[in-house]
Amino acid sequence: MNDTPNFHPTKRESAASSAPTPLFGSAADSFVQQLRLASQAHRAGRLDEAIASYLRLLSVRPDHAELHNNLGVALRLAGKLEASVSHHRLSLAADPANPALHSNLGNALRAAHQFDEAVKHHYQSIALSRDYAEGFFNLALCLRDLGRHDEAIGCFSRALTLNPDGRRMRVEFALALLMRGDLAEGFAAYETRKRLPETPAPEFAQPAWDGGPLEGKRILLYPEQGLSDALLFVRFARDLKRRGATVVVLCQALLKELLRAVDYVDEVVAEGEKLPAFDVHASMVSLPHLCRPDFATLPGAPPYLRPPEESRIKLGHLDAAKLRIGIYWAAMPGQAQDRQRSVPFEQFLALSGDPELLIFSLQGGVHQKDIQTFGANGLVHDVGRGIFDFAEAATALSQLDLLISIDAPVAHLAAAMGVKTWVLLPATADWRWQLGGADAPWYPSARLFKQAVGGSWNDVFAHVRRELDGLKKVVA
């Protein structure tokens with residue numbers, strides 16, 4: 001996205017901005033200088049400071065296109081989407097032939113899930129400037145969200161033709177390939193992410209594994225991204241073991257006991273602990289590229305994670321209940337797209353009035369209190385409060401007939417164990433799930449339930465209730 005405020009968009013906006021306006025009592029302390037300082041705060045990520053400065057400047061220049069544009073970008077990054085859209089509309093009204101302003105309005109509309117209008121403005125942006133790489137890139141992002149992957153890939157290709165050095169463009173292009181199901185090409189292209197500033201190279205003296213022979217070598221696998229990626233891609237350690245390697249896994253502390261229980265990992269070290277000797281290393285996210293698997297066999301892949309042999313987690317029974325169901329409804333605050341992925345607890349609570357369902361919460365973090373807040377202590381059994389790592393979570397999952405979860409690490413864990421898992425997805429789903437259809441490409445036991453309308457879970461839960469009724473008949 002075009003998230004950085006520009007002093008000079010594609011078309012110079014107006015002669016009015018070229019003449020300094022005295023502000024705050026001094027001719028030297030000009031409007032242009034103040035706008036520059038506000039934009040510096042914006043670029044540095046000090047959004048509250050930038051927004052306050054932009055608003056102060058608006059009292060002097062209420063019709064200034066660049067000012068409304070920058071404020072709109074800052075508000076979008078701060079999650080204040082309605083205000084962001086309005087400021088971008090005012091910016092465009094002041095300079096309607098500016099391609100960058102059309103594109104930025106499109107970005108704000110995309111963030112607000114107003115995809116159809118967003119696409120219109122992105123198309124207008126590239127119609128005004130056929131050489132505007134950012135316009136093609138932003139249009140591609142929007143088309144990808146809509147599931148129009150072929151069109152998105154075409155726009156990404158055009159953007160990269162215009163800007164061959166666009167690293168972020170190449171990463172997003174790779175994700176579009178993955179979403180379309182072009183896994184081998186997509187994972188190869190996704191290696192470009194290592195050139196982004198937010199993906200620093202690991203500080204190991206040993207070389208990175210390049211996919212070559214591993215017989216007799218010790219390879220260290222490390223978690224480049226989050227828990228979900230570690231759970232998803234650790235499966236490829238089995239292939240490394242077959243190649244004759246000794247597999248050492250460096251992982252988040254919450255995963256250590258779980259991964260110690262699997263037979264294709266020789267040693268597990270938690271982050272912060274002393275590393276053992278090793279010869280080469282690899283990011284777990286790079287394994288689908290480096291291992292060159294047959295992706296066509298994924299739908300029939302066997303479970304590859306299991307609970308430890310001993311655990312204190314024991315789930316109860318009720319004679320009338322046909323199904324023991326686990327639920328997980330809220331992403332951890334601060335995670336990417338946590339608001340879009342999370343489901344209001346009331347949606348799950350509506351399932352609890354069925355005597356044939358025994359419902360257990362595996363929810364962690366601050367949202368555990370939702371059970372008490374809604375008076376659901378006698379309806380939803382809070383197991384999550386007693387789960388302190390993923391080994392214990394695996395034990396609880398192994399005693400369930402079904403997990404119904406948002407896109408969260410627990411869904412990856414359950415599916416990797418072969419537990420029947422229903423994953424509830426927003427309209428714009430993460431690339432790890434969104435390859436089309438109801439089946440999850442990585443996990444035979446998982447099924448996907450995706451929003452038809454962004455922001456609304458009603459249709460999803462209507463579908464879930466129908467499927468639950470069918471499942472109860474099967475186990476009757």
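The model is a predicted one.

The account begins with a general point about helices. Two packed helices are described by the angle between their axes and by the distance between those axes. Helix α3, residues 65–77, and helix α4, residues 81–94, form such a pair: their axes come within 8 Å and cross at roughly 160°. Angles over 145 degrees count as roughly antiparallel, and α3 and α4 are therefore roughly antiparallel to each other. The crossing in which α3 passes α4 is left-handed. On the side of α3, the contact is made by A65, H68, N69, L71, G72, V73, L75 and R76. On the side of α4, L81, A83, S84, H87, H88, L90, S91 and A94 take part. Sorted by class, the contact of α3 with α4 has 8 nonpolar, 7 polar and 1 charged residues.

A second pair consists of α5, residues 99–111, and helix α7, residues 133–145. These two helices pack at an angle of about 20°, with their axes 10 Å apart. Angles under 35 degrees count as roughly parallel, which makes α5 roughly parallel to α7. Here too the crossing is described by its hand: α5 passes α7 in a left-handed crossing. From α5, the residues S103, N107 and R110 meet E134, G135, N138, L141, C142, R144 and D145 of α7. The residues of this contact divide into 2 nonpolar, 4 polar and 4 charged.

S39 is found in helix α1, which covers residues 31–43. Its relative accessible area is 1%; buried means under 20%, so S39 is buried. The side chain of S39 is joined to that of N70 by a polar contact of 3.3 Å. S39 may also be placed relative to A159: the two are 120 residues apart in sequence, and their C-alpha atoms are 26 Å apart in space.

S283 has its place in strand β6, residues 280–283. S283 is buried as well, with a relative accessible area of 1%. What does S283 contact, leaving aside its neighbours within four places in sequence? The residues in contact with S283 are R193, Y222 and E224. With E224, the side chain of S283 makes a side-chain to side-chain polar contact of 2.7 Å. The side chain of S283 also reaches the backbone nitrogen of V285, at 3.1 Å.

Other residues lie in loops. S456 is located in the loop between β12, residues 446–450, and α20, residues 458–475. With a relative accessible area of 25%, S456 is partly exposed. S456 and W433 are 23 residues apart in sequence and 19 Å apart in space, C-alpha to C-alpha.

At 27% relative accessibility, H113 counts as partly exposed. Is R292 buried or exposed? Exposed means over 50% relative accessible area, and R292, at 62%, is therefore exposed.

Key. Residues numbered from 1 in each chain as written. Predicted model: local features only at pLDDT ≥ 70, side-chain atom pairs only at ≥ 80, totals over all residues. Heavy atoms only, no water. Axes fitted to C-alpha atoms, helices over the stretch in contact; angles between N-to-C directions. Helix = DSSP H or I, 4+ residues; strand = E, 2+ residues; numbered from the N terminus. Parallel < 35°, antiparallel > 145°, perpendicular 65-115°, else oblique. Left-handed = near helix turned anticlockwise from the far one by under 90°. Contact = heavy atoms within 4.5 Å. Nonpolar A, V, L, I, M, F, W, Y, C, P; charged D, E, K, R; others polar. Buried < 20%, exposed > 50% of the residue type's maximum accessible area, 1.4 Å probe, protein only. Polar contact = N/O pair within 3.5 Å; in protein donor to acceptor, adjacent residues only side chain to side chain.
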